[in-house]
Amino acid sequence: MSNLTANYQRSQLRALPVRGGKGEVTYCYVVRIPGGWEAINHRFREWAVGDFRQQQQETHND
């Protein structure tokens, strides 16, 4: 079965590197919304990825 026929309505997430010295690289997370991108925090990103993984497991277990 083609993955193109699957209807997983998921938002696109990005991690944008934030420049600033020789220390650890920090990231600014954004989510795709109609008309552009919206900044999100790390906790929202963790929730979104965890939710996606859980739904994938449920789909494959059925």
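The legends below describe close-up views of a predicted model. Local features need pLDDT of at least 70 and side-chain atom pairs pLDDT 80 or more, whereas totals for chains, interfaces and linings use all residues. Residues are numbered from 1 along each chain as its sequence is written, and side-chain values use heavy atoms, without hydrogens and water.

**View 1. An open sheet is formed by three strands in the order 1-2-3.** The pairing is antiparallel; strands (E, at least two residues) and helices (H or I, at least four) are DSSP runs numbered from the N terminus, and two strands pair if DSSP finds at least two bridges between them. Strand 1 (13–18) and strand 3 (36–40) are at the edges with a single partner strand each, so one side of each has no neighbour in the sheet. Direction ignored, neighbouring strands are turned by 40° against each other on average.

**View 2. Strand 2 (residues 26–33) pairs with strand 3 over five bridges.** The sense of this pairing is antiparallel. V30 stands opposite A39 in strand 3.

**View 3. The whole structure holds one aromatic pair.** The ring centres of F44 and W47 are 5.6 Å apart and the planes stand at 45°, so the pair is tilted (centres within 6.5 Å; planes under 30 degrees apart are stacked, over 60 edge-to-face, the rest tilted; the six-membered ring is used for Trp). F44 and W47 lie three residues apart in helix 1, about one turn of the helix.

**View 4. W47 in helix 1 (residues 42–61) is exposed, at 52% relative accessible area.** F44 is partly exposed, at 35% relative accessibility (buried is under 20%, exposed over 50%, partly exposed in between; 1.4 Å probe, protein chains only).

Technical notes. Axes fitted to C-alpha atoms, helices over the stretch in contact; angles between N-to-C directions.
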